[in-house]
Amino acid sequence: MKSTLIIIVASYLSTVSKTSAAFQPNRPPIPTATTPTSKIRETTKASSPLTSLRAQEDGATPHIVFPGGGIFFYWQAGAVSYLRENGYDLSRVTMTGASAGSLTATLTAAGVDFERATEVALGLAEDGGVWDRPLGLQGVWGEMIETWLDELLPEDAVEQVGDRLSLLVTPVPSFGKENISRFESRADLIRTNMASIHIPWFLDGKLATSYRGGPCIDGSFLSKPTDYDRPPPSNGSNGTTGIQPSVVVTLDWTQDPVLANKSLGDAVSAISKEGIWGILERGREYAAVMEERGDFRGLPMQP
C-alpha cells in the first residue's frame, strides 16, 4: 500500500495540473498581469469554452462546479463574492467541490462572507508564523484549515447547505471518486472537507487521512469533469434532490488568462497578504468577464 501511494503521489503535481486543464481544453493565449481587461475579454470571448449551458427545462436547479486550486481558493472566493454582490441568488443553486474547491463550495452554501473568511485565514497564518517558516504552509496547513472552518461555519451549517452541496474525496487504494452529499453533523461536514483537501504529505505530513473508516486523499486527484455531476438521488437525511441542472457554471482559476501560466506549485505556496487579497480581487474581475460573456445566464437572481 505504502509503495503504491509513493508512486502515485510522485506524479501528483503534474496529474492535478492536467486535471485542471481538462475543464478548458482550448486555453487562450497568455496575457500578462498588466493586460487591459478589455483585451482579456476579447481574447476570452474568442477562444475560451462556454462554462454554462442554457436552461433546457423549467424548474431544474442550476449547478456550480468548484475544481481544486490550493491558494487559488481565493480566486473562487472573489468570483462568488462578485455573484453575491451583483444580485445572484446562490441559495437556489447546487454545487460540487473538490480539494480547495470543496472549501469554496461549503462556505458558499453555508452563506459565509468571503471577506471575513480571508481576514480570519490571514490572522491564523500570522499567528502560526507562516511567512517566517522556511517550509511555509507545508505540514501546518491542515490544522489551520480545520480551525478556520470551525470558526467560520455556523452551528446550523448542515441545515444551511441542505441538499445543495456535494464534495469529492479520493479513496485509497482504488483512487476512484466518492461524491459525498450527506453530512451527519457540522463536525462531519468539516471532516469531509478535510478529506477532500488532503494533499499527501503537504497538508499534515501524512500520506492519507482517515475518513469514514478508510484512507483518502485529495478529491481533485485524477478527477474528471463528469465527477462533478450531481450524485444520484439518495434516501433520508440531507441527500440530493436528483434534479438535473439546467445550468452548469465552472469556476476554475485556470480558465483565467492572467493566471494561465501558474502551476500547482504556485497553488500551494504561502504568498503575501497583499497577494492573497489580489487573487480574491482578480476572481471578482474575471467573474465580470464571465458575466459579460454570458456564462451566468440561467443562474437565479435575488427577488
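Which residue in β7 does V65 stand opposite? V65 faces T250 of β7. The views below come from a predicted model, in which local features need pLDDT of at least 70, side-chain atom pairs count only at pLDDT 80 or more, and totals for chains, interfaces and linings use all residues. Residues are numbered from 1 along each chain as its sequence is written, and side-chain values use heavy atoms, with hydrogens and water left out.

**View 1. Overview of the protein.** Eleven helices and seven strands make up the secondary structure. Helices (H or I, at least four residues) and strands (E, at least two) are DSSP runs, numbered from the N terminus. Of the 303 residues, 56% are buried. Buried means under 20% relative accessible area, exposed over 50%, and partly exposed in between (1.4 Å probe, protein chains only). Among contacts with a separation of 6 or more, 80% join residues 24 or more positions apart. A contact means heavy atoms within 4.5 Å.

**View 2. Strand β1 and its partners.** Strand β1 (residues 63-66) is covered on both faces. H63 and V65 are buried on one side, I64 and F66 on the other. β1 pairs with β2 (residues 94-98) in the parallel sense, over four bridges. H63 has T94 as its bridge partner in β2. From β1 the chain crosses through helix α4 (residues 73-85) to β2, a right-handed β-α-β crossover. Right-handed means that, with the strands pointing away from the viewer, the path from the first strand over the helix to the second runs clockwise. β1 also pairs with β7 in the parallel sense, over three bridges. Two strands pair if DSSP finds at least two bridges between them.

View 3. Leaving aside neighbours within four places in sequence, L251 contacts I64, V65, F66, P67, W75, Q76, A79, V80, M290 and F296.

**View 4. S102 in helix α5.** S102 lies in α5 (residues 100-109). Its relative accessibility is 0%, so S102 counts as buried.

**View 5. Helix α6 and its cap.** D113 caps the N-terminal end of α6 (residues 114-127). A side-chain oxygen of D113 lies 3.1 Å from the backbone nitrogen of E115. The buried residues of α6 are F114, A117, T118, V120, A121, L122, L124 and A125. At 1.5 Å a residue, its 14 residues should span 20 Å, and the end C-alpha atoms are 20 Å apart, which agrees. The expected span is 1.5 Å times one less than the number of residues.

**View 6. Backbone details in two loops.** V172 and P173 are joined by a cis peptide bond, with omega about 15°. P173 sits in the loop between β3 (165-171) and β4 (178-180). F175 is found in the loop between β3 and β4. Phi of F175 is near 55°, positive in a residue other than glycine. F175 is buried, at 13% relative accessible area. L222 lies in the loop between β6 (214-217) and β7 (248-250). Phi of L222 is near 60°, a positive value in a residue other than glycine. L222 is partly exposed, at 40% relative accessibility.

Definitions and conventions:
A polar contact is a pair of N or O atoms within 3.5 Å; within protein, one must be able to donate a hydrogen and the other to accept it, and residues adjacent in sequence count only if both atoms are side-chain atoms.
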